Amino acid sequence: MKGILIAVLLCVSLKSMALGFVCPADGLFLNSEDKHSYFQCASGTAFLMPCPSGLVWDQSSHVCEWPSVQASQRFLIVIGGNTTTGKCLDIAGGDAVLHAQIQLFRCHGKQNQQFELNHDGSIRIMGKCLDIPDSRAIDHQSIQLFHCRSAQENQIFTIDGENRIHVMGKCLDVPNGQIVNNNPLQLFRCHDQASQRFTLVPL
Ligand SMILES: *[C@@H]1O[C@H](CO)[C@@H](O)[C@H](O)[C@H]1NC(C)=O
């Protein structure tokens with residue numbers, strides 16, 4: 001199994017093979033020249049691995065993380081292509097009231113589509129945080145806005161190399177894969193389809 005994994009990694013990573021980085025051991029290492037990527041060392045060979053768009057490598061936690069909110073960088077979170085062909089995550093109703101739902105909508109870039117990605121894992125918008133209601137991480141659960149509670153598990157999101165956004169062991173998902181206005185975002189088991197692939201577009 002491990003052999004297969006390494007073989008797959010070698011195949012997908014060959015074109016990004018990193019010359020000039022000497023692996024101290026197998027594992028994941030900081031790329032001191034570019035924090036938007038890291039080195040993966042396998043059997044003594046280094047591969048340069050990009051972080052998903054918008055994220056930076058954190059050597060202490062060994063993951064690509066949201067950059068600090070202090071940078072005040074805001075993003076559109078797009079699904080289904082780009083801001084023209086796809087849709088943006090959006091606050092249903094437009095107002096950041098408690099329990100407002102997150103939905104898909106045409107990308108217009110106004111305040112209710114401008115997300116900040118905090119280093120504590122929270123995804124913030126208009127002073128509130130994306131939140132899993134009652135911490136019930138079940139399939140088809142909706143995503144709401146709530147008061148930010150730093151380091152509470154139902155507000156800690158991570159993004160993986162396939163651009164899926166994880167929380168509490170599930171993934172953010174578009175119901176029935178329908179990338180249309182007003183479709184509410186949901187939680188679902190993680191899978192490989194386009195309805196879970198998000199692109200972060202810096203504003
Ligand atoms: C979005 O994607 C379409 C189709 O691939 C392309 O024609 C268009 O130029 C892109 N628009 C932007 C804003 O990138």
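Which residues does Ile123 touch, not counting residues up to four places away in sequence? The structure is a predicted model, in which local features need pLDDT of at least 70, side-chain atom pairs count only at pLDDT 80 or more, and totals for chains, interfaces and linings use all residues. Residues are numbered from 1 along each chain as its sequence is written, and side-chain values use heavy atoms, with hydrogens and water left out.

**View 1. Surroundings of Ile123.** Beyond four places away in sequence, Ile123 touches Trp66, Ile77, Phe115, Glu116, Leu117, Lys128, Cys129, Leu130, Phe157 and Ile165; contact means heavy atoms within 4.5 Å.

**View 2. The largest nonpolar core.** This core has 36 residues, and Ile123 and Leu172 have the most contacts inside it. A nonpolar core is a set of buried Ala, Val, Leu, Ile, Met, Phe, Trp, Tyr and Cys residues joined through side-chain atoms within 4.5 Å, where buried means under 20% relative accessible area (1.4 Å probe, protein chains only).

View 3. In soluble globular proteins, nonpolar side chains tend to be buried together.

**View 4. The ligand site.** Asn82, Thr84 and Thr85 are the residues around the ligand, each with a heavy atom within 4 Å of it. An oxygen atom of the ligand lies 2.3 Å from an N or O atom in the side chain of Asn82.

Note on methods. A polar contact is a pair of N or O atoms within 3.5 Å; within protein, one must be able to donate a hydrogen and the other to accept it, and residues adjacent in sequence count only if both atoms are side-chain atoms. Buried means under 20% relative accessible area, exposed over 50%, partly exposed in between (1.4 Å probe, protein chains only).
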